[in-house]
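The model is shown below.

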Amino acid sequence: MTAASAECRVDLPLPIQKHVKFWKLHMSMLPTPYTKADDQRMTLAYFCLSALDLLGQVETTITEVEREQFKAWIYSQQLSQSQGGGFRGSPAAGASHATMTYTALLSLSILRDDFSRLDRQGISVHLRALQQSDGSFQSALGYPEKDVRFSYSAFAVAYMLNDWTMFDVPKAIEYLIRCQHYEGAFAQEPGLESHGGSTYCVIAALALAGQLDQIPHRPRLERWLLSRQAPGGGFQGRVEKDQDTCYSFWCGASLRILNLHAFVDGVSDAQWIFSAQSPMGGFAKVPGEHPDILHSYLSYVALAMHAEDDLREYNLPLTSVCAALNLSRSSLAWIYTQLWPSHPGAVLLP
């Protein structure tokens, strides 16, 4: 923390019980606005579970019976190899999905599943089928979407399963690099505008593969990311756009992975995030709006990263987080013990 920020210290209260209630309510019944995202229920569940994980409240707020019920529901979305393998987002989804497979594995780790019911070969079939001739990944078979979000999901699954034979990694990396914009940051697809979310997806994917040294024009990328912190303290996702709490994660996590998080004004960013905190728990996209699952969860991760750096003295009740996988370090340790042949010991992820 800088001397200047220490002089203007403000309270950053995070009322745990209100936030726990917020997440438990969403886990039991999603509000009407989420109806259109019913086929993405797996990822919505992950946001809720991972938020409670970062608050250190999984064991105290989710009973063993509930935990087994959640696991059973997740595995009920696992498709057989003849159906394409992988996980779908909900019974409303027509096919398995790269991101739903990624968040299913994360959720199972948070629930401390032993992964004995996991169809690794089915996941391998799934990812291999999704990779396109240019190295990109479709979101799901038969769907036209293909961009770096799904590439990141594939890289994350390969990392968690410790299996990089499931797709053509060099070709996948080549596609990611082709998404770099002249500013140094990355777009969702080659030729599009730089964006904080897609920049995170590329940087995190390369970090998971141990290939950060493949990034060209690194100084431009670093300058672009650091320039996204706005005068108001928060982050914007693109040049000349408004601040948004989710970009405190997308840009902040990218900087953490690149070992540049110390250059972020964490106190100012935290104050911006807390200005969007809801009295009912959770965080909104911007101050004055209703809280939602995505912005609430990503605000937690941004604050957790700050809590490890220049907000230590605020004692925020958030556990340590792995920025590259978007998961608590305790749940990452569970993945190591359950999914890797032997505990890697010195495996380090930012």
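## Salt bridges

The structure contains 11 salt bridges, each defined as a side-chain nitrogen of Lys or Arg within 4 Å of a carboxyl oxygen of Asp or Glu. This is a predicted model, in which local features need pLDDT of at least 70 and side-chain atom pairs pLDDT 80 or more, while totals for chains, interfaces and linings use all residues. Residues are numbered from 1 along each chain as its sequence is written, and side-chain values use heavy atoms, with hydrogens and water left out.

## Within a helix

Arg67 and Glu64 form a salt bridge at 4.0 Å, N to O. Both lie in helix α5 (residues 64–76), 3 residues apart, about one turn of the helix; helices are DSSP runs of H or I with at least four residues, strands are runs of E with at least two, and both are numbered from the N terminus. Arg67 is buried at 11% relative accessibility, whereas Glu64 is partly exposed at 48% (buried means under 20% relative accessible area, exposed over 50%, partly exposed in between, with a 1.4 Å probe and protein chains only).

## Between distant parts

The closest N and O atoms of the salt bridge between Asp309 and Arg256 are 3.0 Å apart. Asp309 sits in the loop between α14 and β1 (321–322) and Arg256 in helix α12 (residues 245–257), so this pair links distant parts of the chain, 53 residues apart. Arg256 is buried, with a relative accessible area of 13%, and Asp309 is partly exposed, with 24%.
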